[in-house]
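Please review the model shown below. The report covers packing, the ligand site and some backbone details.

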Amino acid sequence: MRTVALGIVAMACLVAMAQGGNFFQDAEISWGQGRGKIVDGGRGLDLTLDRSSGSGFQSKNEYLFGKIDMQIKLVPGNSAGTVTTFYLSSQGETHDEIDFEFLGNVTGEPYTLHTNVFTQGQGQREQQFRLWFDPTQTFHTYSIIWNPQHIIFAVDGTPIRDFKNQEARGVAFPKSQPMRLYASLWNADDWATQGGRVKADWSRAPFVASFRGFNADACVWSAGAQRCPVGTMETAAPARGGWWNQQLNDMSYRRMRWVQRKFMIYNYCTDTKRFPQGIPAECKLR
Ligand SMILES: *[C@@H]1O[C@H](CO)[C@@H](O)[C@H](O)[C@H]1NC(C)=O
């Protein structure tokens with residue numbers, strides 16, 4: 001009898017986790033004067049953009065390592081000039097940052113998924129992809145897995161990028177500055193779509209990007225200390241998803257290579273023109 005009851009409680013918790021957090025509880029709209037709205041009793045959040053402003057939200061918590069998932073449905077139709085972002089960032093000159101940015105396009109032409117990693121204030125590590133689905137038709141899950149050894153970008157559970165800790169070879173890695181989650185929808189029609197040649201069509205405004213399923217299985221930074229969910233660093237971790245020790249196994253590595261071969265459209269590591277002094281150190285290492 002007792003085990004059955006416990007089983008039901010455990011199931012209820014799992015369901016709650018799978019559905020993700022509540023935006024009222026976990027996030028706050030940070031700008032846009034009413035253009036961002038929490039919807040569906042806290043399960044969703046819509047950001048809008050019109051000619052005078054975009055909008056954005058941020059997590060209430062700061063994190064130092066974690067697995068952050070967000071389901072996003074991007075601006076449909078003619079989204080030229082719009083940029084939807086989902087990223088982690090710390091504060092200050094020497095900040096760390098882990099970026100997902102979605103650059104809109106005219107109807108029927110593909111979005112560009114832009115990723116970047118800043119460490120100690122230095123970025124210039126762009127990798128861009130096409131998606132293998134239409135990101136405006138329904139929600140898809142975008143994840144950042146950030147642990148002491150890896151930053152893994154994943155789309156619907158498929159890794160697309162793995163930025164490894166290469167401190168031993170002199171490449172900085174984000175590991176001591178807590179980061180907050182930010183998301184925004186804004187107008188970047190001076191550069192975003194086809195290099196800025198295609199402008200936003202304001203007759204189609206307001207543009208809407210929808211978010212739901214925000215889930216942070218993460219170590220929360222509070223009063224100068226890091227608090228991780230129970231079991232994060234223990235050997236039990238893999239049973240919980242195990243992001244603390246997560247790295248690519250053979251199968252996930254092969255899936256990432258498949259995405260990179262078929263869908264990567266820009267890689268700073270192969271842009272030799274841009275780095276006449278030599279490509280960045282982390283690119284030379286496997
Ligand atoms: C938009 O579509 C054009 C044509 O297919 C493509 O060259 C471009 O990379 C796409 N994405 C952006 C953000 O311009």
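Phenylalanine 23 contacts Ile38, Gly42, Arg43, Gly44, Leu45, Phe57, Met70, Phe211, Arg212, Gly213 and Phe214, leaving aside neighbours within four places in sequence. Contact means heavy atoms within 4.5 Å. Phenylalanine 23 lies in helix α2, residues 23-26. Helices (H or I, at least four residues) and strands (E, at least two) are DSSP runs, numbered from the N terminus. The relative accessible area of phenylalanine 23 is 0%, so this residue is buried. The cut-offs are under 20% for buried, over 50% for exposed and the range in between for partly exposed, with a 1.4 Å probe and protein chains only. Phenylalanine 23 and glutamine 71 are 48 residues apart in sequence, with 13 Å from C-alpha to C-alpha.

This is a predicted model, in which local features need pLDDT of at least 70, side-chain atom pairs count only at pLDDT 80 or more, and totals for chains, interfaces and linings use all residues. Residues are numbered from 1 along each chain as its sequence is written, and side-chain values use heavy atoms, without hydrogens and water.

**Core**

The largest nonpolar core has 59 residues. Such a core is a set of buried Ala, Val, Leu, Ile, Met, Phe, Trp, Tyr and Cys residues joined through side-chain atoms within 4.5 Å. Phe100, Trp146 and Phe211 touch the most other members. Strand β4 (residues 55-73) gives the largest share of this core, seven residues. In soluble globular proteins, nonpolar side chains tend to be buried together. Beyond four places in sequence, tryptophan 146 has contacts that include Tyr63, Leu64, Phe65, Ile98, Phe173 and Trp243.

**Ligand site**

Which residues are around the ligand? They are Leu103, Gly104, Asn105, Glu109, Pro110, Thr112, Arg130, Ala192, Thr193 and Gln194. Each has a heavy atom within 4 Å of the ligand. By class, this shell has three nonpolar, five polar and two charged residues. Here Ala, Val, Leu, Ile, Met, Phe, Trp, Tyr, Cys and Pro count as nonpolar, Asp, Glu, Lys and Arg as charged, and the others, Gly among them, as polar.

The table lists polar contacts, pairs of N or O atoms within 3.5 Å.

| Residue | Protein atom | Ligand atom | Distance |
|---|---|---|---|
| Glutamate 109 | polar side-chain atom | oxygen | 2.6 Å |
| Proline 110 | backbone N or O | nitrogen | 3.4 Å |
| Glutamine 194 | backbone N or O | oxygen | 2.6 Å |

On its own, the ligand has 350 Å² of accessible area, and the protein covers 70% of that. Accessible areas come from the Shrake-Rupley method with a 1.4 Å probe.

**Backbone details**

Alanine 205 and proline 206 are joined by a cis peptide bond, with omega about 0°. Proline 206 sits in the loop between β12 (179-187) and β13 (207-222). Threonine 48 touches Pro206, and also Arg35 and Leu185 among others. Threonine 48 is in strand β3, residues 44-49. Its relative accessibility is 17%, so threonine 48 counts as buried. A polar atom of its side chain lies 2.7 Å from the backbone oxygen of arginine 35.

Glutamine 120 has a phi near 50°, a positive value in a residue other than glycine. The loop between β7 (112-118) and β8 (127-129) holds glutamine 120. At 43% relative accessibility, glutamine 120 is partly exposed.

Is alanine 223 buried or exposed? Alanine 223 is exposed, at 81% relative accessible area. Its phi is also positive, near 50°. Alanine 223 is in the loop between β13 and β14 (225-227).

How values were computed. A polar contact is a pair of N or O atoms within 3.5 Å; within protein, one must be able to donate a hydrogen and the other to accept it, and residues adjacent in sequence count only if both atoms are side-chain atoms.
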